[in-house]
Amino acid sequence: MTIHLAQSGSAHTSATAVRSQNLLIGLIFFATALNYVDRQVLALLKPMLEAEFQWNDQQFAHLGSIFQLSAAVSLLGVGWFVDRFGVRFAYGAAVAVWSIAGMAHALAASVQQFVVARAVLATAESVNTPAAMKTAATYLPIERRSIGIGIINTAPNVGAILTPLLIPPFAIAFGWKAAFLVTGALGIVWLVLWRLNTGKLQPIGNPASASPGKVAWGEVLRDRRSWTVVGAKAITDLVWWFVLFWAPDFFSRHFGLSQGALGGPIAVVFVLAALGAVSSGALYPVLLRRGLSLNAARKSAMLFFGLVVLVMPLALIAPNPWIAALCIGLGLFAHQGFSTNIFGMATEIIPTRRIATVIALGAIGGNLTGTGIIEFAGWSLDNGLGYTPLFVICGGAYLAALAFIHLMQPRLAAADD
């Protein structure tokens with residue numbers, strides 16, 4: 001089966017085009033879920049790997065920082081790579097490399113070898129978000145794009161829900177090496193499906209906007225719209241990286257949960273995050289239909305999610321891990337809602353020909369702030385401050401991001417292409 005999307009401007013989207021668009025969304029969803037499965041395995045196997053390699057909290061934090069920094073450095077070229085060579089080739093190549101790198105963790109016998117495997121994994125996985133958003137902007141009509149992005153943005157949560165439920169018991173039964181091998185091999189399955197089903201993609205609207213071509217860096221860097229996206233991602237992504245990397249340790253340390261018992265609370269956290277991604281994709285079109293402008297609808301949706309996340313620090317005083325999971329989960333519900341609106345905003349205000357480059361720059365900002373909070377968490381724990389300052393930072397991040405967006409773009413307006 002091949003994907004063939006109808007051109008924009010038709011009065012009604014054909015059933016064939018809708019099925020093709022759904023298939024495309026499904027493939028991006030699958031790749032994005034795998035992206036987060038592969039990166040979360042290390043955090044979930046922390047007790048097992050600590051026992052074998054004798055790591056302390058700061059050394060474990062360094063592994064997370066290496067991933068974030070490698071991704072940030074790689075993202076300097078990722079946007080150019082995707083815009084220059086097109087999403088079909090770039091996406092497929094990235095998934096192939098990150099799958100091999102994921103399986104390579106099983107061969108690591110020292111911290112240094114883990115570092116190399118994490119760095120290669122981070123480099124390849126950094127392609128996912130720019131490629132996914134450019135694919136959505138290029139091949140999905142605007143009336144379906146927000147919902148599509150919301151569904152795609154649910155994928156990290158699905159991966160994060162299934163991984164803690166499946167990986168710890170699987171590793172206990174078959175060993176930590178088998179866990180890395182199996183999760184990496186899933187990417188090879190995706191690659192086959194991607195190659196079979198994306199041979200005849202046709203862009204929506206102007207085909208030239210989707211064609212591989214030169215990236216005008218000067219235009220990107222001079223445009224305040226670019227820095228609006230970059231700043232918003234930098235301020236908010238640190239919350240996601242903190243929870244993804246340190247949540248298993250928080251539940252283990254704060255509530256004394258064993259490795260086998262971590263799956264339930266972690267799954268609750270990411271179920272709520274998934275609900276945030278799905279609901280956020282639906283909220284914006286509803287606000288538009290009620291007569292709000294693009295500017296008012298986007299910022300109203302962001303304000304809603306920015307207020308919801310204020311419940312997250314209450315996890316510190318929760319009486320049991322399930323209430324704590326609810327508080328953190330509501331925080332990630334808000335994060336995913338806010339993040340979906342950042343991506344949606346980007347696909348509207350940034351010209352399509354440079355969307356992957358801008359999204360990549362935003363991901364660099366998020367990876368750098370993610371590195372900072374991961375390192376700060378290791379320092380805070382080793383120096384007796386615990387998780388309190390980290391949850392306080394998370395609670396205020398989204399209202400700060402919305403203030404930044406409004407300062408940079410008092411009136412959001414759609415790009416003229």
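In this predicted model, the buried residues of helix α4 pack against α1, α3 (57–85), α5 (111–125), α6 (128–139) and α8. The buried residues in question are V87, A90, Y91, G92, A94, V95, A96, W98, S99, A101 and G102. Helix α4 itself covers residues 87–104, a run of 18 residues. From its first C-alpha to its last, α4 reaches 25 Å, close to the 26 Å expected at 1.5 Å a residue.

Two packed helices are described by the angle between their axes and the distance between the axes. These values are set out below for two pairs.

| Helix pair | Angle between axes | Distance between axes |
|---|---|---|
| α3 and α4 | about 130 degrees | 6 Å |
| α1 and α8 | about 160 degrees | 10 Å |

With an angle of about 130 degrees, α3 is therefore oblique to α4. In this pair, F81, V82 and F85 of α3 meet V87, F89 and A90 of α4. The contact of α3 with α4 comprises six nonpolar residues, with no polar and no charged ones.

Helix α1 spans residues 15–44 and helix α8 spans residues 176–197. Their angle is about 160 degrees; α1 and α8 are therefore roughly antiparallel to each other. The crossing of these two helices, α1 and α8, is left-handed. On the α1 side, the residues in contact with α8 include L23, L27, F30, L34 and V41. On the α8 side, the residues that meet α1 include F180, L186, W190 and W194. By class, the residues of the contact of α1 with α8 are 14 nonpolar, four polar and one charged.

Note on methods
Residues are numbered from 1 along each chain as its sequence is written. This is a predicted model: local features need pLDDT of at least 70, side-chain atom pairs count only at pLDDT 80 or more; totals for chains, interfaces and linings use all residues. Side-chain values use heavy atoms; hydrogens and water are left out. Axes are lines fitted to C-alpha atoms, for helices over the stretch in contact, and angles run from 0 to 180 degrees between N-to-C directions. Helices (H or I, at least four residues) and strands (E, at least two) are DSSP runs, numbered from the N terminus. Angles under 35 degrees count as roughly parallel, over 145 as roughly antiparallel, 65 to 115 as roughly perpendicular and the rest as oblique. A crossing is left-handed if the near helix is turned anticlockwise from the far one by less than a right angle, and right-handed if clockwise. Contact means heavy atoms within 4.5 Å. Ala, Val, Leu, Ile, Met, Phe, Trp, Tyr, Cys and Pro count as nonpolar, Asp, Glu, Lys and Arg as charged, and the others, Gly among them, as polar. The expected span of a helix is 1.5 Å times one less than its number of residues. Buried means under 20% relative accessible area, exposed over 50%, partly exposed in between (1.4 Å probe, protein chains only).
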